[in-house]
Amino acid sequence: MIEGYPDGGVLAAADGSDYVFANDGSLGYVTPPGIDATLCSAYTLAGCPGLPAGATFRLAYRSGVSQAFNIAGNLGDLSQTFDQNQNRLSYQLSQPGGAIV
């Protein structure tokens with residue numbers, strides 16, 4: 001899950017933990033301690049390389065695994081996971097913020 005904050009920061013719930021990626025002042029994000037990943041958004045000035053169509057955020061781990069999120073309002077749900085070889089798992093939700101079906 002992804003949740004946006006009014007200050008531009010983003011909470012990413014990954015690997016069972018919550019991480020707050022602070023706004024870096026340039027429409028990008030600062031990686032918090034404890035996670036070996038970067039967050040980018042379709043809204044950043046630099047863009048978001050590898051962002052799948054329809055997704056708004058991408059959490060990319062140094063291992064090569066990445067997760068794509070679709071956002072509606074200030075909440076976003078996991079839509080796809082890619083492994084190191086770019087094999088994709090897609091998720092369908094019963095409703096926004098609902099269970100994966």
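Of the contacts (heavy atoms within 4.5 Å) in the chain with a separation of 6 or more, 16% are between residues 24 or more positions apart. This is a predicted model, where local features need pLDDT of at least 70, side-chain atom pairs count only at pLDDT 80 or more, and totals for chains, interfaces and linings use all residues. Residues are numbered from 1 along each chain as its sequence is written, and side-chain values use heavy atoms, with hydrogens and water left out.

Student: Happy to start simply: how many strands does the chain have?
Tutor: Helices (H or I, at least four residues) and strands (E, at least two) are DSSP runs, numbered from the N terminus. By that definition the chain has zero helices, and its strands number nine.

Student: Which residues is Leu27 in contact with, leaving aside its neighbours within four places in sequence?
Tutor: Good one to look up in the viewer! Leu27 sits in the loop between strand S3 (17-23) and strand S4 (29-30). Its relative accessible area is 44%, so Leu27 is partly exposed (buried is under 20%, exposed over 50%, partly exposed in between, with a 1.4 Å probe and protein chains only). Beyond those neighbours, the contacts of Leu27 are Tyr43, Thr44 and Leu45.

Student: How many residues apart in sequence are the parts that Asp36 and Arg62 tie together?
Tutor: Asp36 and Arg62 form a salt bridge, with their closest N and O atoms 3.1 Å apart; the term requires a side-chain nitrogen of Lys or Arg within 4 Å of a carboxyl oxygen of Asp or Glu. Asp36 is in the loop between S4 and strand S5 (37-41), and Arg62 is in the loop between strand S6 (57-61) and strand S7 (66-72), so the separation of the tied parts in residues is 26.
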